[in-house]
Amino acid sequence: MTEEIGILLKGVGSFYEVLTDAGETITCKARGLFRKEHTVPTVGDRVALERQPQGYALLTRIFPRKNLLIRPPVANIDRIFLVVSASVPEPDWLLIDRMILEAKRLGIDPVPVMNKVDTSGQEPIDLFLKEYREFRPLCVSAESGEGLDALRSQLKGCVSCFAGQSAVGKSSLLNALFPELHLAVGDLSAKTERGRHTTRHAELLPYENGAVLDTPGFSLWEAEPMEQTELNKLYPEFAYAPFCCRYPDCMHDTEPDCGVKALLESGELTAGRYERYLRIAREHQQRRKHRYD
Ligand SMILES: Nc1nc2c(ncn2[C@@H]2O[C@H](COP(=O)(O)OP(=O)(O)O)[C@@H](O)[C@H]2O)c(=O)[nH]1
Ligand SMILES: [Mg+2]
Ligand SMILES: [Zn+2]
C-alpha cells in the first residue's frame, strides 16, 4: 500500500479528516498503536495514511510536531494573527507584546492586526504601524472589508490562527474570510462561543495551500523565564540600535552605553513599546531569580 501525506483538519469521534498534499480530503481511522503510544492525533498534525482495499483509510504515522498549542489543541501553527481594535475595546498592548514573544519562541510568526479601522481616526493607526513595523502589521475592517485582501494573502501557504482580547472582532474577521462559517458575533457570542468550545473541537479550514483554525481564543500560554540575551533577540527593532550595548546581556534599563536607549532617545523606539519591554524584562529577571524556589 502506498503512503500518502497530508494535514489533519479535524477529528470527529474516532474519525479524522485529512487533506492530502494532492488536495484530496480523506476520512481515516487511527491505527490502534497510537493509543498504546499515548499519542493523540491532533488538528494540524502532518500525518501519513494508507488507503485500505476495504473500509476507511488508516492513519499510520504522525510526523514530529514543530509546536503544540493546547487551548484549543492544535499542532504545527506557522502564523498567529494577534488582533486588536482600533477603537473599543482599548488594546491591551502588554498582552500583544507578550504574545509576540511567546509566538516567536514557539516558531510561530506573529502578525499584529488592527481591526475596526472604520471606527477610528488616523492617529491610533499610525502609532500601531510604527510600533509594530518589524512584524508586517495589517490594518483591516471586518465591517467595510478594508485590508482583507492583504490579510488573505498572509493566509496562503501556511497554517494560521487568530488570537486577541474578547470583542476585537476575531469571529467577524473569520466570517468575512469564510462566509460559510456563520460564527456568532457580538455581545451574546461570548457565551455562545464558550459553549461551543466545550462541545466541539477546533478544525482547520483549507485555504490556498494553507489552512486557518476556525476557532479563535488562545489566551496567553505560560512562558518559561528567559535569559536577557534571548529576550534581546526577540525584539527585532533592537537590531537597529545605532551602536552595541556595552554589555551583551544589557537590560537596556540603567546600564551605561546602551544602544537601545539611544534608539529610544532618537524616537525610533516608542516610549510605549520600550516601557512594555522593560516591564517584561524585569519580570523575567525576577522569575530567573526565583526559578529554583
Ligand atoms: N465597526 C466595526 N465593528 C466591528 C468590526 N469587527 C467586529 N465588529 C463588532 O465588534 C463586536 C465584537 O465582534 P466579534 O467578532 O464577536 O469579536 P470577538 O470576540 O473577537 O470574536 C461585534 O459587535 C462586531 O459587530 C469592524 O471591523 N468594524
Ligand atoms: Mg468571537
Ligand atoms: Zn542596552
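**Entry 1: getting oriented**

Helices here are DSSP runs of H or I with at least four residues, strands are E runs with at least two, and both are numbered from the N terminus. With that in hand, I looked up Pro-72 and found it in the loop between β6 (68–70) and β7 (73–75). The peptide bond joining Arg-71 to this proline is cis, with omega about 0°. I reminded myself before going on that this is a predicted model.

I counted nine helices and 13 strands. The chain has 293 residues, and 47% of them are buried. Along the principal axes, the C-alpha atoms fill a box of roughly 70 × 45 × 35 Å.

**Entry 2: another cis proline**

I went on to Pro-89, which sits in the loop between β8 (79–85) and α2 (93–105). Its peptide bond from Val-88 is cis as well, and omega is near -10°.

Next I turned to ligand 1. I found 18 residues around this ligand, and Asp-118, Ala-167, Lys-170, Ser-172 and Gly-186 come nearest. What kinds of residue make up the shell around ligand 1? I sorted them into four nonpolar, 10 polar and four charged. Helix α5 (residues 170–177) gives the most to this shell, with three residues.

I then checked backbone atoms against the oxygen atoms of the ligand:

- Gly-186 has a polar backbone atom 2.8 Å from an oxygen atom of ligand 1.
- Ser-171 places a backbone N or O atom 2.9 Å from an oxygen atom of ligand 1.
- Gly-169 does likewise, with a backbone N or O atom at 3.0 Å from a ligand oxygen.

How much of ligand 1 does the protein bury? On its own the ligand exposes 580 Å², and the protein buries 81% of that.

**Entry 3: aromatic rings**

I asked for ring pairs among Phe, Tyr and Trp, and the count came to 11 aromatic pairs. I picked out Phe-238 and Tyr-277, whose ring centres are 5.1 Å apart with planes at 85°; planes over 60 degrees apart count as edge-to-face, so this pair is edge-to-face. The pair links distant parts of the chain, as its two residues are 39 residues apart. Phe-238 is in the loop between α7 (228–233) and α8 (259–266), while Tyr-277 is in helix α9 (residues 271–289). Both Phe-238 and Tyr-277 are buried.

I also noted a cluster: ring pairs link Trp-93, Phe-128, Tyr-132 and Phe-135.

**Entry 4: helix α4**

I opened helix α4 (residues 148–155) and listed Leu-148, Leu-151, Gln-154 and Leu-155 as buried. Why do I say that the buried residues line one face of α4? Looking down the helix axis, I see them fall within an arc of 115°, so they line one face. Following α4 is Gly-157, which has a positive phi near 70°.

Thr-42 is in the loop between α1 (33–36) and β4 (46–50). Is Thr-42 buried or exposed? I get a relative accessible area of 9%, and buried means under 20%, so Thr-42 is buried. Its side chain reaches the backbone oxygen of Val-40 at 2.8 Å. The side chain of Thr-42 also makes a polar contact with the side chain of Arg-65, at 3.4 Å.

Glu-17 lies in strand β2 (residues 15–20). I have Glu-17 at 26% relative accessibility, so this residue counts as partly exposed. I also checked Glu-17 against Pro-112: the two are 95 residues apart along the chain, and their C-alpha atoms are separated by 30 Å.

Asn-209 is not a glycine, yet its phi is positive, about 60°. I located Asn-209 in the loop between β12 (204–207) and β13 (210–213). With a relative accessible area of 79%, Asn-209 is exposed.

Asp-257, which is not a glycine either, has a positive phi of about 50°. This residue is in the loop between α7 and α8, where I had already placed Phe-238. I get 43% relative accessibility for Asp-257, so it counts as partly exposed.

Technical notes. Residues numbered from 1 in each chain as written. Chains lettered and ligands numbered in written order. Predicted model: local features only at pLDDT ≥ 70, side-chain atom pairs only at ≥ 80, totals over all residues. Heavy atoms only, no water. Phe/Tyr/Trp six-rings, centres within 6.5 Å; stacked < 30°, edge-to-face > 60°. Buried < 20%, exposed > 50% of the residue type's maximum accessible area, 1.4 Å probe, protein only. Near = heavy atom within 4 Å. Polar contact = N/O pair within 3.5 Å; in protein donor to acceptor, adjacent residues only side chain to side chain. Areas by Shrake-Rupley, 256 points an atom, 1.4 Å probe, with all protein chains shown as cover. Nonpolar A, V, L, I, M, F, W, Y, C, P; charged D, E, K, R; others polar. Arc of directions from axis to C-beta.
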